[in-house]
Structures are given as structure tokens and as C-alpha cells.
Amino acid sequence: MQKNGTLWKDTDGADIQAHGGCILFHNGTYYWYGENKNAVTVKRRMDFIGFSCYTSKNLVDWKNEGLVFKAFKEPANHEAGIKCIGERPKVVYSKKLKKFVLWFHLDNMTYELRRAAWAISDSPVGPFEYMGSFKPNIRDCCDFTVFIDNDEKAYFICAGDMNKTMLIHEMDDTYTKFTGAYKAIFTDQAREAPVFYHVGDWYYSATSGCTGYSPNAMLYGTSEHIFGRWRLWDNPCMGRADYRKTFQGQSCNSLFANGRWYMMLDHWNPEDIRVSGYSILPVNFDGGYMEVLWEDEWNGIK
Ligand code: DGJ
């Protein structure tokens, strides 16, 4: 059992360093990738360390597989070097290439670069080879997710225009390139930390407001088509008094397990980011309505 909202331990009893991450299921194993923040926080920032991977069969006991992508120590001015920001790693398996593709948000310490970066590996536990960075369709890219639809088409969905707008970019079938088709949604609504689902006839989004590492209210959105008319609705969180603050957390990524959908949350500690906690919470959908339910415990595969 892991206690939601707290910093989880791995199978060695060490703190799990996999913040802002994602869980990939591949050939019977779950792979959890996330930001390794095991350093001292200074003014809510730290050097870029890299991305960790943990493996599990039951989603509760996590074995540390180490850093699968490391920030470059040399040259000192490398665009993905230790003086950069690397956030929200998302790993997808490209059936077309038979490779694992790691995407992340690359930035400078003042968040003015706003680029998508990618790396590739033959193995889910890396090492991932750095391939470069760019602005998808020449638009800003901050918090993002890679959303794989039920037909296996992939969309790179990110906060753009200085976090004012959310952009849905269509990817090609290798999950490494962009087709050029994209749509801006939630214009001027300043949403970030996107999580997307497609359940039944509806697409659903969950996003946070833009308040850095401080919690705010999650909002959900719906559309009948991925490139359709997205509408922001309401706060889907319920079950604890701090639901208006997303249970002191922030949306991180979706997870499908036990025949149902869940949402991963980060519970950031802005003054000491390495001790930020995690939650995995059940999500219910009903014809365009969505709810995220607080549970004290995460018990993994039932
Ligand atoms: C909010 C984002 O969701 C996080 O990933 C991180 O970028 C913080 N802002 C930094 O303040």
C-alpha cells in the first residue's frame, strides 16, 4: 500500500524520485518515469538532474532502475544541460519504430525557452539518446502530455502562448514527428498540467491553473472530437475538504489499470521539491461528466 499525498518509497526503502511523470505499461511491466529532483531547492528551482525510471508488476512496489536520461554535464552550455529545466517526461512506445520515445519540456531557468525535447531508446529502461528540441508548429511549449487515442493516434498537448492557451498537436504514427495539424483550445484560460482521456463518446481534459508549484483548482473540459469545440466545465475533485485545491496536488498523467481510469497527481513541496508526494486516484466518467475521487490509499493492481 502507498499513502496518497505522501512521498512514496521504492523497494529499497528510498524516496521515489519520479515527479511530473507518467506510467507506461509494456509487456506485463509498469514503467514509471519522472523528474529526479534529488537536490537542494533554491528559490523553487534546482539544477536539471534527469529522469528516473521505476518498474513494478503491481503498481505499488517500485524498483529503482536509475536515471534513464541524464542532463548533460558537458559542454557547459548544452541545450539540455544541468543549468536547464527538464520537466514532465512522457514515454511512449512507438510500434512503428519498435523504440521507446521520451518527450519532455525543456526550458531555461526563467521559462523563456518553452521547447519540446525528445530522446529515444531501444529499451524501456534506457539509456535514452538525446535527439534535440524545437517549438512544435513554431508555438510555445510548456507543460504537456502525449495523449494516445483509442485508435493509437498520438497528440502532443501542451500549454502554449506563455501558458495562456492549450495547443493540441497531431503526431505522426512514429510518435516522433508532428504532422502540422494542430488546434488551440481554452484560449486565454491559462491552464497547464494537462491530462486527457477518451471514454465513450467524449474526450475529457483535466488541467490546473498556472500558479507554479502552489496548488489551485483542477478544471475539467470536454469535447466530442479531439479537434472539436472544447468547453471548460467544473472542478471534478471530490471527497476531501481541500478539493478546491486539488487535494493539495496537481494533475500529472492518466493511468489505465484494473479495467478503469485513474489520475496521477503530484503534491509539490515548493520549498523542497525532492520531498514532493504522489497520489493515484480513481476517475469516473459519465456522458460528459467527470469526477476525481480522493482515496487515502493506493493499493495498485487488485
Ligand atoms: C507548474 C508546472 O505544472 C510544473 O511542472 C512546474 O513547471 C512548475 N509550474 C514550476 O513552477
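Asp140 is buried, its relative accessible area being 13% (buried means under 20% relative accessible area, exposed over 50% and partly exposed in between, with a 1.4 Å probe and protein chains only). The structure is a predicted model, in which local features need pLDDT of at least 70, side-chain atom pairs count only at pLDDT 80 or more, and totals for chains, interfaces and linings use all residues. Residues are numbered from 1 along each chain as its sequence is written, and side-chain values use heavy atoms, with hydrogens and water left out.

Asp140 meets the side chain of Lys135 in a salt bridge of 2.8 Å, N to O; the term denotes a side-chain nitrogen of Lys or Arg within 4 Å of a carboxyl oxygen of Asp or Glu. Lys135 is partly exposed, at 28% relative accessible area. A network of salt bridges links Arg114, Lys135 and Asp140.

## Further salt bridges

Side chains of opposite charge can pair when their charged atoms come close. The count of salt bridges comes to 15. One of these joins Asp173 and Lys96, with 3.4 Å between the closest N and O atoms. This pair links distant parts of the chain, 77 residues apart: Asp173 lies in the loop between strand 12 (165-171) and strand 13 (178-185), and Lys96 in the loop between strand 6 (85-94) and strand 7 (99-107). Asp173 is partly exposed at 47% relative accessible area, whereas Lys96 counts as exposed at 55%.

Asp272 and Arg274 form another salt bridge, their closest N and O atoms being 3.2 Å apart. Asp272 is partly exposed, with 24% relative accessibility, and Arg274 is likewise partly exposed, with 26%.

## Fold and dimensions

The chain contains zero helices and 23 strands (DSSP runs numbered from the N terminus: helices are H or I of at least four residues, strands E of at least two). Its radius of gyration is 18 Å, close to the 19 Å given by the globule rule for 302 residues, so the chain is as compact as a globular protein of that length. The radius is taken over C-alpha atoms, and the rule is 2.2 Å times the number of residues to the power 0.38. Along the principal axes, the C-alpha atoms fill a box of roughly 50 × 45 × 40 Å.

## Burial and contacts

Of the 302 residues, 56% count as buried. Among contacts (heavy atoms within 4.5 Å) between residues at least 6 apart in sequence, 49% join residues at least 24 apart.
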